[in-house]
Amino acid sequence: MKDLFQKCYDFHQAKDLIAENRYPYYKVLETEQAPEIVIDGKKLIMLGSNNYLGLANDPRMKAAAIKAVQDFGTGVAGSRLLNGNTILHQNLEKKLAKFKKREAALVYATGYQMNVGVISSLIGRGDYVILDKLDHASIIDGCRLSHGEVKRYRHNDMEDLERALQEIGPNHGKAIVIDGVFSMEGDIAPLPEIVKIAKKYGARTIVDDAHATGVLGSTGAGTCEYFGLDHGEVDLIVGTCSKSFASVGGFAAGDADIIHYIRHTSRSMIFSAALPPGPVASISKAIDIIQEEPQRRKQLWDNAAYLKKAFEDMGLDTGHTQTPIVPVIIGDDEKAFNLWHVLFNNGLFTNSVISPAVPPNRALLRIVATATHTKEHLDRALNIFELGVKKVLGTKAHSIK
Ligand SMILES: Cc1ncc(COP(=O)(O)O)c(C=O)c1O
């Protein structure tokens, strides 16, 4: 007889890495998210987070969260539909809508819940959703929960996008859902072309601005602002509050009627508890700081450019990044784990990323320097990196390019 749980006992890949002390996941931080962190009592430079603007330990963010907890408590004990909606949520949605230059916004408890809820609310039986092959897992899971059909096109390949749309008849509802900035390799979706193609085939566009919010555009409003598509050319902007906003939560911003519909039909909104007051208040504070302190965004980009050039001088492959996400593409999983391990042992924290988060044989170390890393942090990190590259990849790092 088949034992359903046997797979758990047979699952060895992670156990082997743990036994070899090369396991890069679920590391236990003993400090807050900052340019330097402590793990196992040891100080490390943190180049493996999405705290783009360095706001996660900002005293103003903390003060806003503390005040909200004092005024509104630790949780709201229910879904927003029934009892968990506060004036803080309402004010945040107004502020977010303005920041994203849209009529209305809706805030979820996480970005993952947002994608699952928004996509399954809008895509129904007989509808089609068209995805870039590198779209985030939460978008794919949203499609799985919808009753629609999914078509995928090659990454950022506009001819392939048209091919996918041509295969769908005119009487089907269609939405193209894409990451504005692709999370692992930091390249940007060609939004103007996507919008043009979408209009030609009567498809709606939904852009996930998780990694663009606070990062792209003259005010940090994201991909639409970056491309000058600020007049509703993109039908719906979604995103997360766990990166530049340095908190937790997800959001959707668009026409008031679209947001009103989602608010009343999205199951992960209706059947799940609301974002607690603390995060709501810190997200609101983050939006203020992003608008008042554009120098943070400049520092973020300067830091990324500094690292990218240094990696390239070392002969490393940084892919096609166009943003502060700097991938160091290694290819082989084992090599990536080994490099991660040497860096970690020498005081540098990075993210080791393997398939399915990236395509097979495209393992990489994902590097992000936040706006609050200093040149001294970066130089120290680069020295450690150079040592790791020599040790793991040999002196001929150029050979992996
Ligand atoms: C593009 C994208 N969308 C959605 C999410 C999910 O956001 P959250 O972590 O807030 O659940 C992420 C998180 O990594 C992401 O990169």
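Predicted model: local features only at pLDDT ≥ 70, side-chain atom pairs only at ≥ 80, totals over all residues.

Seven strands form an open sheet with mixed pairing. Their order is β3-β9-β8-β7-β6-β4-β5. Which strands form the edges? They are β3 (104-108) and β5 (149-153), and each pairs on one side only. From one strand to the next, the twist averages 20°.

Strands β6 (residues 174-179) and β7 (residues 204-208) run parallel. Five bridges join them.

Helix α7 spans residues 137-145. It lies across β4 (128-132), β5, β6 and β7. Its direction makes an angle of about 160° with β4.

Helix α8 spans residues 158-166. It lies across β4, β5 and β6. Here the reference strand is β5, and α8 runs at about 155° to β5.

## Helices α8 and α9

Helix α8 also packs with a helix, α9 (residues 191-200). Their axes come within 11 Å and cross at roughly 20°. The two are therefore roughly parallel to each other, since an angle under 35 degrees counts as such. The crossing is right-handed.

From α8, the contact takes Met158, Leu161, Glu162 and Leu165. From α9, it takes Glu193, Ile194 and Ile197. By class, this contact of α8 with α9 has five nonpolar residues, two charged ones and no polar ones.

## Helices α5 and α13

Helix α5 covers residues 87-99, and helix α13 covers residues 277-292. They pack at an angle of about 30°, with axes 10 Å apart. That angle makes α5 roughly parallel to α13. Their crossing is left-handed.

Leu88, His89, Asn91, Leu92, Lys95, Leu96 and Phe99 make the α5 side of the contact. Pro277, Val280, Ala281, Ile283, Ser284 and Ile287 make the α13 side. Nine residues of the contact of α5 with α13 are nonpolar, three are polar and one is charged.

## Helices α15 and α16

Helix α15 runs over residues 333-345, and helix α16 over residues 375-393. Their axes come within 9 Å. They cross at roughly 140°. Why are these helices called oblique? The angle is roughly 140°, and roughly antiparallel applies over 145 degrees; α15 and α16 are therefore oblique to each other. The crossing of α15 and α16 is right-handed.

On α15, the contact residues are Lys335, Asn338, Leu339, Val342 and Leu343. They meet Ile384, Phe385, Gly388, Lys391, Val392 and Leu393 in α16. Seven residues of the contact of α15 with α16 are nonpolar, two are polar and two are charged.

Technical notes:
Residues numbered from 1 in each chain as written. Pairing = 2+ DSSP bridges. Helix = DSSP H or I, 4+ residues; strand = E, 2+ residues; numbered from the N terminus. Axes fitted to C-alpha atoms, helices over the stretch in contact; angles between N-to-C directions. Contact = placed C-beta atoms within 7 Å. Parallel < 35°, antiparallel > 145°, perpendicular 65-115°, else oblique. Left-handed = near helix turned anticlockwise from the far one by under 90°. Nonpolar A, V, L, I, M, F, W, Y, C, P; charged D, E, K, R; others polar.
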